[in-house]
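User: I am new to this structure and would like to learn how to read a helix and a pocket. Could we begin with a helix?

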Amino acid sequence: MLQQRVYGILGGDKRQIYLARAMAADGHEVRVSCLERGEGLDSLPQVGPEKLAADCDCILLPLPATKDGKTLNTPLSEVEIPLDDNFAVLFSGKKVYGGMMEKLLQTSPLWDSVSAFDYYAREELLTGNAFLTAEGALGLAIAEYEGALNSSRILVTGFGRIGKALCMGLKGIGARVYCAARKLSDLTAIRAMGCTPMRYEDLKDAYDVIFNTVPTEVLTAQRLSCQRPDTLLIELASKPGGIDLKAARRLGLRVKEAPSLPGRMSPRAAGELIKDTIYHLIEETA
């Protein structure tokens, strides 16, 4: 059982709303800041960033902590918080937990003296997030593809956490699943899963739906030229992504860019997953 502390949740999206509500339901004292446009937080004190930092033992930052490396990620607030020495000094002597912290930690040398932890580096969060991403991607495909995924020819590029989760989900609904990977061990695992393994150089056929999970370009103009006009491409990877978007537009292919699906399509589950991961970190760093 975690020691009772005062937790401050600063910035973020709907995931942080559900994180705050879940931690409060666990009996913790929770305060929030820069979430004033969020719903469902009426029972929790909304305070300014300075007061939150002063009053709370543990500060929980968003995922990602920053998108541009200059300001905190606060999409549910009108307040813009610059990332500089004045921000970093607020957390001296505190424990800070955030997601994708690398850019934030580069904004001030004062972060070197703060106990800061990146919860997005944790395997339990990455794995859980992969399954939430796959679930959201399947929902998006069902909504956008005019045919049925059952019996359709579907290609997944990449066999990382998200690629594995996608193959499992697609196989479960009866799709004919093809998965492209580079490692021989991955090709063997794809076959053992009941899917068809593919090398990237052998991608010469047309598919009904293509999910990309690779953050570097693997769906080149040449490989896209094999697709039909009604092929649906779903980009799940972070920028720059794995789809040659200029070539796709030139070929008239439909691309749905779908980053950060857990935050958009399953924020409650994603927020509770962040909560569990933070609890694990706190127990290990107490």
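Analyst: The buried residues of α1 are covered by elements that include β1 (6–10), β2 (29–33), β3 (58–60), α10 and α11 (267–285). Helices are DSSP runs of H or I with at least four residues, strands are runs of E with at least two, and both are numbered from the N terminus. The model is predicted, so local features need pLDDT of at least 70 and side-chain atom pairs pLDDT 80 or more, while totals for chains, interfaces and linings use all residues. Residues are numbered from 1 along each chain as its sequence is written, and side-chain values use heavy atoms, without hydrogens and water.

User: Which residues of α1 are buried?

Analyst: Buried means under 20% relative accessible area with a 1.4 Å probe, protein chains only. In α1 these are Arg15, Gln16, Ile17, Leu19, Ala20, Ala22 and Met23.

User: What follows α1?

Analyst: Gly27 does, with a positive phi near 100°.

User: What lines the second largest pocket?

Analyst: A pocket is an open set of points on a 1 Å grid over the protein atoms alone, where a 1.4 Å probe fits, with protein on both sides within 12 Å along at least five of seven lines; lining residues have an atom within 4 Å of a point. Here the lining is Lys14, Ile17, Tyr18, Arg21, Arg37, Gly38, Glu39, Leu76 and Pro267. Its largest share, 4 residues, comes from α1.

Definitions and conventions:
Buried < 20%, exposed > 50% of the residue type's maximum accessible area, 1.4 Å probe, protein only. Contact = heavy atoms within 4.5 Å.
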